[in-house]
Amino acid sequence: MNQPIIKICDTTFSYDQKPVLHSISMDVQPGEFVGVIGPNGSGKSTILKLLGGVLSAGPGNLLFKGVDYLNQNRKHLARSITWVPQEHSMAFPFKVSEIVLMGRHPYLSAFTFEGEEDIEIAHSAMERTQTLQFAQRGFNEISGGEKQRVVIAGAIAQEPEVMILDEPTSALDIKYQIQILNILKQLNENKNMTVVLAMHDLHLASKFCRRLVLLNEGEVFQDGAPEEVLQKDHIEKVYDIRIHLVRNQDGSVMISPDTLCIQ
Ligand code: ADP
Ligand code: MG
C-alpha cells in the first residue's frame, strides 16, 4: 500500500463541549474516489471540513502525505487540497468569471495578477462545467445549481491533488448531477485526482464511488466497497427506516423507502 495522501488518526472533534466526531480514523489513498454518506447530523460536513483544512484537528490527528496539516506550508496545502462547501454566499458582487479565476490564487504570489495560462485554465474549467454562458453575470444573480457549477469550475481551475466536496450534487438537476460526477470521475481517472465527497443519493454514490464511508452519530459505521457498505440492514439501522433495496448488475443499488413502515 502507498502512503495515504490523507490520514485521520483517532480523532475526536467538538465544536463546543459535546463531541460530534468520536475516534474517527480514516486513510485516503492517492487516486481514491470516496463517498461519505450518512444521515443528517452524522458528521459528514465536519469530517470534510477537517480534511479540507477548514477546521483544525489537534496535533498529530490529521496528516497530508505523512506531515501534520499544522506543519504544512499554507499555500502548498491550499494548492494541493480544495474544499467545495455545500452553501455558497458571496458578500461582494463578484462576477462568475472572477470566482472561477480565484481558483488560481494559491498559484500567485503577492501583488501578481493572473497570467494568460491562469485565464486559459479557468476558461477550460468553465467550458467543462457549462458555465461560460454566464461568465459575465454577477455570482449572486445566478441560480443555486448554477452557483454550484461555478464553484466547482473554480475548484477544477485550482488543479488540486485532492478535491473535497460537500454534497456537490444536491442543488443540481439530474443532468448536471451526472455531468458533475462524470467530470470528477474523469479528473480522478485521467489526472489521478483524489476525490472525497459527501452525498445523500445512495444510488449515485453506489454508481460513482469506489469506496463508501457510512457515518452514524459521528462514528464510522461501515467503510468499504459500495456493495459491502450498502446492505439493507446497515441502511435500515443507520437511517432508522425500512427500505427495499435492489442491486443492479453493475453493483449499484436502488433504494426506496418502505413508506408503510415509517413512523
Ligand atoms: P452532516 O453534514 O452529516 O449533516 P454535520 O457535520 O454538519 O453533519 O454536523 C454534525 C453535528 O455537529 C450535528 O450535531 C451538528 O448540529 C453539529 N454542528 C455542525 N456545525 C456546528 C457548529 N458550527 N457549531 C456547533 N455544532 C455544529
Ligand atoms: Mg452536511
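1. Two strands are said to pair if DSSP finds at least two bridges between them, and strands (E, at least two residues) and helices (H or I, at least four) are DSSP runs numbered from the N terminus. On that basis strand β9 (residues 211-216) and β10 pair in the antiparallel sense over five bridges, and the bridge partner of L214 in β10 is Q222.

2. This is a predicted model, in which local features need pLDDT of at least 70 and side-chain atom pairs count only at pLDDT 80 or more, while totals for chains, interfaces and linings use all residues. Residues are numbered from 1 along each chain as its sequence is written, chains are lettered from A and ligands numbered from 1 in the order in which they are written, and side-chain values use heavy atoms, with hydrogens and water left out.

3. The open sheet has six strands in the order β6-β7-β8-β3-β9-β10, with mixed pairing. Because β6 (81-84) and β10 (219-224) stand at the edges, each with a single partner strand, one side of each is left without a neighbour in the sheet.
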